[in-house]
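Please read them with the model open beside you.

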Amino acid sequence: MSIQSKARRDARRRKEQREHNRARAGAPAIEPHAELRDADGKLLAGVVRQSGVWVLGMDGRIAGSSDSAAQMLMLIRRAQRLHDEKGIPVKLVYSDALRDEAELEAATHGKSLADYETQLEEEMATAHPAGVQ
């Protein structure tokens with residue numbers, strides 16, 4: 001292999017990397033806001049925000065999305081409770097931004113965050129009774 005061919009190949013790779021980085025710069029930013037991890041540190045669920053929409057991911061797939069921060073926080077806390085009830089230790093960490101936006105949303109409905117989450121869970125239970133999908 002000649003030095004010139006190696007130099008051309010390296011230049012091509014650098015150019016491809018720059019183009020890839022420019023393409024990513026135009027993509028909407030993904031902001032991580034919550035993580036649910038097991039005792040081994042494996043990611044079980046997470047909440048991100050992309051283009052103003054909250055997105056819930058579980059088991060490596062998108063489980064749902066919503067404009068409601070309170071709904072996303074309620075869902076990931078519910079996942080935490082379900083694991084705890086099964087005796088599976090998990091750790092939930094979420095951002096202040098997610099909590100603050102959820103609290104603001106609850107306040108606009110005249111409720112505390114805990115009361116609003118309870119209301120959301122009840123609405124979800126009536127919309128999808130247990131065992132019916």
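1. Glutamate 103 is partly exposed, at 37% relative accessibility; buried means under 20% relative accessible area, exposed over 50%, and partly exposed in between, with a 1.4 Å probe and protein chains only. Salt bridges with shared partners link Asp96, Arg99, Asp100 and Glu103 in one network. A salt bridge here is a side-chain nitrogen of Lys or Arg within 4 Å of a carboxyl oxygen of Asp or Glu. In one of these pairs, arginine 99 bridges to glutamate 103, with the closest N and O atoms 4.0 Å apart. Both residues sit in helix H3 (residues 96–108), four residues apart, which is about one turn of the helix. Arginine 99 is partly exposed, at 28% relative accessibility.

2. On provenance: the model is predicted, local features need pLDDT of at least 70, side-chain atom pairs count only at pLDDT 80 or more, and totals for chains, interfaces and linings use all residues. Residues are numbered from 1 along each chain as its sequence is written, and side-chain values use heavy atoms, with hydrogens and water left out. Helices (H or I, at least four residues) and strands (E, at least two) are DSSP runs, numbered from the N terminus.

3. How many salt bridges are there by this rule? The count is nine. Among them is the pair of arginine 81 and glutamate 121, whose closest N and O atoms are 2.3 Å apart. Arginine 81 belongs to helix H2 (residues 69–85) and glutamate 121 to helix H4 (residues 113–127), so this pair ties together parts 40 residues apart in sequence. Arginine 81 is partly exposed, at 35% relative accessibility, and glutamate 121 is partly exposed as well, with a relative accessible area of 23%.

4. Another salt bridge runs from glutamate 35 to arginine 37, with the closest N and O atoms 3.0 Å apart. Glutamate 35 has a relative accessible area of 34% and is partly exposed; arginine 37, at 28%, is also partly exposed. Arginine 37 has leucine 43, in E2, as its bridge partner.

5. The sheet is open and has five strands in the order E4-E3-E2-E1-E5, with antiparallel pairing. Strand E4 (61–66) and strand E5 (90–94) are at the edges with a single partner strand each, so one side of each has no neighbour in the sheet. From one strand to the next the twist averages 20°, where axes are lines fitted to C-alpha atoms, for helices over the stretch in contact, and angles run from 0 to 180 degrees between N-to-C directions. Strands of a sheet pair through backbone hydrogen bonds.

6. Two strands count as paired if DSSP finds at least two bridges between them. Strand E1 (residues 30–38) pairs with E2 over seven bridges, and five bridges join E1 to E5. Leucine 36 stands opposite leucine 92 in E5. Six bridges join strand E2 (residues 43–50) to E3, and the partner of arginine 49 in E3 is tryptophan 54.

7. Which residues have a positive phi without being glycine? Serine 51 is one, with phi near 55°; serine 51 is in the loop between E2 and E3 and is exposed, with a relative accessible area of 57%. Aspartate 59 is another, also with phi near 55°; aspartate 59 is in the loop between E3 and E4 and is exposed at 62% relative accessibility. Most residues other than glycine have a negative phi. In the hairpin of E1 and E2, with four residues between the strands, glycine 41 has a positive phi near 90°.

8. Leucine 104 lies in helix H3 and is exposed, at 56% relative accessibility.
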